[in-house]
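Visitor: I'd like to go through the ring contacts in this one, then a helix. Can you take me through it?
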Amino acid sequence: MKDKFFYECIDCGKIYESSQITYLCTDCEKQNDENNPPKGVLKTIYDYKELNSRYKKNIFDQLVKSGFLDLLPLKTLGSLPFLKVGNTPLYKVSSIDDNNFDFELYLKDDSQNPTFSFKDRASAVVSAFAKENNIDTIVAASTGNAGSSLAGMCAAQKQKAIIFVPAAAPKAKLTQIMMYGAQIVPIDGTYDNAFDMSIEATKKYGWYNRNTAFNPLTIEGKKTVSFELFSQLNQNLPDRIFVPVGDGVIISGVYKGFEDLFNLGIIDKIPVIIAVQAIGSSNIIENMNRDKFISTPSKTIADSISVDIPRNFRMAKKYIKENFGETILVSDEEIIAASKVLSSRTGIFAEPAASAAFAGFLSYYWDGKFNKGSKNVVLLTGSGLKDLNAVQRIIDIPSPVKPDIFEIGKFLNK
Ligand SMILES: [Zn+2]
């Protein structure tokens, strides 16, 4: 039987059969060094023509019915973890202040995944692929979410996970990784150091590596959010989608999902995607128009998108440029303020990276950029409980009150 998918190098265009390669294009990889985003990330390509002729009509409905198996790098959906990954809620919100919107705002709440972040979409596919290929140890470098996600998926699938994290990752994420029974390797350094170490260790010990973009299947897992959005909007495209950006893999995944639908003739355009980065970690946006990549050390409260060398810079840049995507930078203060607005006005408590996307939305909103009747989506990628420290600076937990109704009265009137 012919392979279901093949890979194409986004830099040199070389084609690889799916059984031929696991990570980066072997030609382009030779040019990589530690100061630049890697070349040779692979895009997974399916036989769209064959799918089209097989399905004939109502392709999308049939894809939904089959759980999109034809657009996943897997043999069967039965290889996926039994936990419910994806199919997260899409909430329509009509206002965040005293005025009702004259456009539509949808919040895609991916904190509702099993380990409370978007990363489960990628971890589930990587874990399933490992299962189908009899691989039992998976390694990942992570700022915290990808690691806790892989650890959780591996726990569900009885696989071994080894997670390289910067030692300064939020406690909740480190705790989660350890509770899932994964082996943790806290690196005295940045996420970028953890990333490089995990790859060296992968080569030395022969493990399977989940690193974002380095493993092309991570993009395939992440793209599923676009299928869901299209389905949840009754097969309509959103006009704008706000996506938090660090490594550039989530945004590439969102584009890839719509690109698959475009290649099948299901949609006739790609929505406008807004890449939102923190001012303190803006290595994708700042380098969009430079000939030579310059990395600025990242420092932001949004740890999940704090990255010095964005691992999928090249693919993300290409997608954004080719599809007229937009970019916006938000400050840490704006992120924290957005987090408060989101929590107090909608009941969704999101982590700083996700709040960054919402801060991007708020900036557009206050500038009056949304057309009447337009559909706008904010991708909320992780739960606020994963990083309580980040927001504790803006709240002041009151001192205890004596259990006495008179004292309570005094307290309430303060
Ligand atoms: Zn190549």
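Predicted model: local features only at pLDDT ≥ 70, side-chain atom pairs only at ≥ 80, totals over all residues.

Guide: Residues are numbered from 1 along each chain as its sequence is written, and side-chain values use heavy atoms, with hydrogens and water left out.

Visitor: Why is the pair Phe-60 and Phe-230 edge-to-face?
Guide: The ring centres of Phe-60 and Phe-230 are 4.8 Å apart and the planes are at 90°, so the pair is edge-to-face.

Visitor: Which helices do Phe-60 and Phe-230 lie in?
Guide: Phe-60 is in helix H3 (residues 59-65) and Phe-230 in helix H9 (residues 224-232), so the pair ties together parts 170 residues apart in sequence. Helices (H or I, at least four residues) and strands (E, at least two) are DSSP runs, numbered from the N terminus.

Visitor: Are Phe-60 and Phe-230 buried or exposed?
Guide: Both Phe-60 and Phe-230 are buried. Buried means under 20% relative accessible area, exposed over 50%, partly exposed in between (1.4 Å probe, protein chains only).

Visitor: And how do Tyr-255 and Tyr-319 pair?
Guide: Tyr-255 and Tyr-319 are stacked, at 5.2 Å centre to centre with 10° between the planes. Tyr-255 lies in helix H10 (residues 249-263) and Tyr-319 in helix H11 (residues 313-322), so this pair ties together parts 64 residues apart in sequence. Tyr-255 is buried at a relative accessible area of 1%, and Tyr-319 is buried at 4%.

Visitor: Which charge lies over the face of Phe-195?
Guide: Arg-311 does, at 4.0 Å from the ring centre. The rule wants NZ of Lys or CZ of Arg within 6 Å of the ring centre and within 35 degrees of the ring normal.

Visitor: New topic. Which residues of helix H6 are buried?
Guide: In H6 (residues 171-179), the buried residues are Lys-173, Leu-174, Gln-176 and Ile-177. Down the axis of H6 they fall within an arc of 160° (taken from the directions from the helix axis to the C-beta atoms), so they line one face of the helix.

Visitor: What is exposed on the other side of H6?
Guide: Lys-171, Met-178 and Met-179 are exposed there. Just after H6, Gly-181 takes a positive phi of about 85°.

Methods
Phe/Tyr/Trp six-rings, centres within 6.5 Å; stacked < 30°, edge-to-face > 60°.
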